Amino acid sequence: MVVGGCFRDKAAPWHNTNARYCRMVSTEPLRCAGALIVDHDGRIFFQRRSPHRRLFPNCWDIVGGHVEPGEDIDTALRREITEETGWFLSHVLDQVGEYTYVGDDGLTRTEYDFLVRVDGDLDHPRLEAGKHTEYRWLAEHELSVLDEHRDVNDGLIRRIADEGFAALRSTGL
């Protein structure tokens, strides 16, 4: 089932003009694809969401986003990696997990996360303008940084990261 919804987009450059836009929203859980990108040192890539984002503002996150109409999970995963970093999916190492949660926007999401390798200059990601403010490559012993703003996302990103490193160990890499 799909319902219409209108809201102010605080992340949009025109947000001070009381601009509103409408979109159709499914009442079913939104599907999301997430990438835990691994470098050759066994670290995982995280990026900080902009403080102006509606969902999980100023929190560390993995690469990913919503599956668009007509897309499958693999296509969305590839698109999100390129949009958010400028890199290209090389191969999927393992599925990390499937997570269902309700965002602070009230929408239920089911997120499918994968441990992946990418092609591109890993020292110079091209962060999506206005959506992410910084990035870090983290080793497993450095994950405490993900606990910043833990109350906003109920520790979800830390759980995903822990499971990502467990999947990495299980692959033998």
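This report describes the fold, strand pairing, nonpolar cores and charged contacts of a single chain.

## Basis and overall architecture

The model is predicted, with local features requiring pLDDT of at least 70 and side-chain atom pairs counting only at pLDDT 80 or more, while totals for chains, interfaces and linings use all residues. Residues are numbered from 1 along each chain as its sequence is written, and side-chain values use heavy atoms, with hydrogens and water left out.

The secondary structure comprises 3 helices and 9 strands; helices (H or I, at least four residues) and strands (E, at least two) are DSSP runs, numbered from the N terminus. Read from the N terminus, the order of elements is β-β-β-β-β-β-α-β-β-β-α-α. The chain has 173 residues, of which 45% count as buried; buried means under 20% relative accessible area, exposed over 50%, and partly exposed in between, with a 1.4 Å probe and protein chains only. Among contacts with a separation of 6 or more, 64% involve residues 24 or more positions apart, a contact being heavy atoms within 4.5 Å.

Two strands pair if DSSP finds at least two bridges between them. Strand 3 (residues 30-37) runs parallel to strand 8 and is joined to it by 8 bridges, with Ala 33 opposite Tyr 112. Strand 7 (residues 88-102) runs antiparallel to strand 8, with 12 bridges, and here Val 92 stands opposite Val 116. The hairpin of strand 7 and strand 8 has 5 residues between the strands, and in this hairpin Gly 106 takes a positive phi near 85°.

Which strand holds Asp 113? Asp 113 belongs to strand 8, residues 108-119. Asp 113 is buried yet has no salt bridge, and the nearest side chain of opposite charge, that of Arg 159, is 10 Å away. For charge, Lys and Arg count as positive and Asp and Glu as negative, while His and the chain ends are not counted. A salt bridge is a side-chain nitrogen of Lys or Arg within 4 Å of a carboxyl oxygen of Asp or Glu. A polar atom of the Asp 113 side chain lies 3.4 Å from the backbone nitrogen of Gly 34. Not counting residues up to four places away in sequence, the residues that Asp 113 touches include Ala 33, Gly 34, Leu 36, Gln 95, Tyr 99 and Ile 160.

## Nonpolar cores

A nonpolar core is a set of buried Ala, Val, Leu, Ile, Met, Phe, Trp, Tyr and Cys residues joined through side-chain atoms within 4.5 Å. The largest such core has 24 residues, and Leu 36, Ile 44, Phe 46, Leu 115, Leu 143 and Leu 146 touch the most other members. Strand 4 (44-49), strand 7 and helix 3 (156-171) are the elements that give two or more residues to this core. Helix 3 supplies the largest share, 7 residues. Leaving aside neighbours within four places in sequence, Leu 143 is in contact with Phe 46, Leu 138, Arg 158, Ala 161, Asp 162 and Phe 165. A second, separate core of 18 residues includes Ala 33, Ala 76, Ile 81 and Trp 87.

An open sheet of 3 strands has the order 5-4-9 with antiparallel pairing. Strand 5 (60-61) and strand 9 (132-138) stand at the edges with a single partner strand each, so one side of each is left without a neighbour in the sheet. Strand 4 pairs with strand 9 over 6 bridges, and Tyr 135 in strand 9 is the bridge partner of Gln 47.

## Salt bridges

The structure holds 16 salt bridges. Three of them are listed below.

| Pair | Closest N and O atoms |
|---|---|
| Asp 61 and Arg 49 | 3.3 Å |
| Glu 80 and Arg 79 | 3.0 Å |
| Arg 79 and Glu 83 | 3.2 Å |

The pair of Asp 61 in strand 5 and Arg 49 in strand 4 links distant parts of the chain, 12 residues apart. Asp 61 and Arg 49 are buried, and Glu 80 and Arg 79 are also buried. Is Glu 83 buried or partly exposed? Glu 83 counts as partly exposed because its relative accessibility is 34%. Arg 79 and Glu 83 both lie in helix 1 (residues 73-85), 4 residues apart, about one turn of the helix. Glu 68, Glu 71, Arg 79, Glu 80 and Glu 83 are linked in a network of salt bridges.

Definitions and conventions
Polar contact = N/O pair within 3.5 Å; in protein donor to acceptor, adjacent residues only side chain to side chain.
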